[in-house]
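Open the model in your viewer and follow the stops below. Each one says what to select and what is there.

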Amino acid sequence: MELAKVTTRGQITIPKEIRKKLNLKEGDKVVFIEENGKIIIENSAVFALRQIQNEFKGEAEKAGLKSEQDIVDLVKKIRKEMCEEQHANNG
């Protein structure tokens, strides 16, 4: 357990061990989440990534992507289409 003191301006210094666990660097932002009457502090970048992952959950299956090779093939197809489009616009 770590302890931090709140200043008169409502500021705290996040203890070093907590910063390490949250992978926080100078300038990073944190998010405060209320869950079941408790407040959770998280690295905002990690929180945002998890939110995005949750939003995309199931989309691969809907798109017919069942394996890593399916994804590689899709990326190749998109790159080819972009290259062909670029040549058409330049030619």
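Is Met-82 buried or exposed? Met-82 is exposed, because its relative accessible area is 55%. Here buried means under 20% relative accessible area, exposed over 50%, and partly exposed in between, with a 1.4 Å probe and protein chains only.

Before moving on, note that this is a predicted model: local features need pLDDT of at least 70, side-chain atom pairs count only at pLDDT 80 or more, and totals for chains, interfaces and linings use all residues. Residues are numbered from 1 along each chain as its sequence is written, and side-chain values use heavy atoms, with hydrogens and water left out.

**Stop 1: the helix.** Select residues 68–90. This is helix α4, and Met-82 sits in it. Helices (H or I, at least four residues) and strands (E, at least two) are DSSP runs, numbered from the N terminus.

**Stop 2: the patch.** Select Leu-74, Ile-78 and Met-82. Together they make a nonpolar surface patch of about 270 Å².
Like charges are joined within 9 Å, and nonpolar side chains (Val, Leu, Ile, Met, Phe, Trp, Tyr) within 5 Å. Accessible areas come from the Shrake-Rupley method with a 1.4 Å probe; for residues, only the protein chains shown count as cover.

**Stop 3: the domains.** Colour 1–57 as domain 1 and 66–90 as domain 2. These bounds come from an automatic or database domain assignment. The domain centres, taken over C-alpha atoms, are 38 Å apart.

**Stop 4: residues 1–46.** Over this stretch the chain is 20% helix and 26% strand. The end C-alpha atoms are 22 Å apart.

Conventions
Patch = residues over 30% accessible without salt bridge, like charges linked within 9 Å, V, L, I, M, F, W, Y side chains within 5 Å. Salt bridge = Lys/Arg side-chain N within 4 Å of Asp/Glu carboxyl O.
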